[in-house]
Amino acid sequence: MEEIFSHNTLMGPKENLHPEVVDSDMDEKFLTSLIKTPAEISSVGTDPDEPYDLYLMEKIYPVLIPGLEELSREVEKYLGDEKKLDPLVRKRFNPCTFLAQFLMRNNPNGGNNQRIASKYFEHARIERNKRFWEARRQQMYRKFMTLPKYELFQKIDVPKFVKLIDDEFFLQGKLLQIFPHKKVFGKQKDDDYIKFDAFYTKFSAWFLEQEEFEGREFIQGFKERKKQNELEDFKKKMEK
């Protein structure tokens with residue numbers, strides 16, 4: 001047991017432990033370390049829009065990591081002063097059973113675990129939104145190029161372009177309604193020219209900070225648009 005279930009074997013050195021279970025402060029570096037690089041990302045099952053690292057961040061880590069820390073504490077207790085422990089109790093201890101019971105008792109959607117889980121959820125939400133826009137930058141750029149006199153795009157034209165994005169992702173006006181273009185582009189005058197890169201930088205930064213909209217809604221809207229286009233193409237073929 002000593003070799004397999006020591007604290008360092010289970011969780012690594014204490015300075016590398018999950019900050020939530022060491023000093024109650026979630027560490028940004030730890031959360032970031034759970035996020036994979038683009039080359040490492042794969043989807044969960046058949047859904048290409050559900051990266052496995054974000055799935056783990058939302059569904060598994062909030063309860064598994066505290067469970068492993070709790071298990072390491074329990075193991076250290078059993079590896080401590082053998083004279084204080086009943087040999088039969090020590091022998092009956094099963095780390096797998098202990099961890100399984102912890103996972104069953106600690107639902108991340110309730111109690112104190114909800115506070116812990118919310119930090120994972122928020123990090124996953126921001127990362128998902130970031131990836132969404134990074135993956136669709138070219139799509140937005142092509143839409144930008146359809147604007148009349150796009151090379152003369154100004155601050156007063158921002159709502160028109162946001163509406164095009166709204167329509168592109170089948171969002172039924174929600175994006176246009178909540179996007180505060182005057183605040184986001186507050187430093188520019190109405191007749192200032194804005195290039196696409198400048199628009200994209202400010203728009204994506206706003207999207208990561210806001211909490212009313214999630215990338216999932218855009219993905220769902222995109223899927224709805226795709227279904228609609230496929231249906232329209234099918235009808236056209238049937239009419240020929």
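At 28% relative accessibility, Phe170 counts as partly exposed. This residue belongs to a predicted model, in which Phe170 occupies the loop between helix 10 (158–168) and helix 11 (174–178). This briefing covers that loop, then the aromatic pairs, and lastly a contact between a charge and a ring.

**The loop between helix 10 and helix 11**

- Phe170 is not a glycine, yet its phi is positive, at about 55 degrees.
- Gln172 is also found in the loop between helix 10 and helix 11.
- The phi of Gln172 is likewise positive, at about 55 degrees, although Gln172 is not a glycine.
- Gln172 has a relative accessible area of 74% and is therefore exposed, because the exposed class begins over 50%.
- Phe170, at 28%, is instead partly exposed, since this value falls between the 20% limit for buried residues and the 50% limit for exposed ones.

**Aromatic pairs**

- Across the whole structure, a search finds 21 aromatic pairs.
- Phe203 and Trp206 form an aromatic pair, with 5.8 Å from centre to centre.
- The planes of Phe203 and Trp206 stand at 50 degrees to each other, and the pair is tilted.
- Both partners lie in helix 13 (residues 196–209), where Phe203 and Trp206 are three residues apart and therefore separated by about one helical turn.
- Phe203 and Trp206 are both buried.

**A charge over a ring**

- The ring of Tyr200 has the charged end of Arg137 sitting over it.
- The charged end of Arg137 is 4.3 Å from the centre of the Tyr200 ring.

Methods: Residues numbered from 1 in each chain as written. Predicted model: local features only at pLDDT ≥ 70, side-chain atom pairs only at ≥ 80, totals over all residues. Heavy atoms only, no water. Helix = DSSP H or I, 4+ residues; strand = E, 2+ residues; numbered from the N terminus. Buried < 20%, exposed > 50% of the residue type's maximum accessible area, 1.4 Å probe, protein only. Phe/Tyr/Trp six-rings, centres within 6.5 Å; stacked < 30°, edge-to-face > 60°. Lys NZ or Arg CZ within 6 Å of the ring centre and 35° of its normal.
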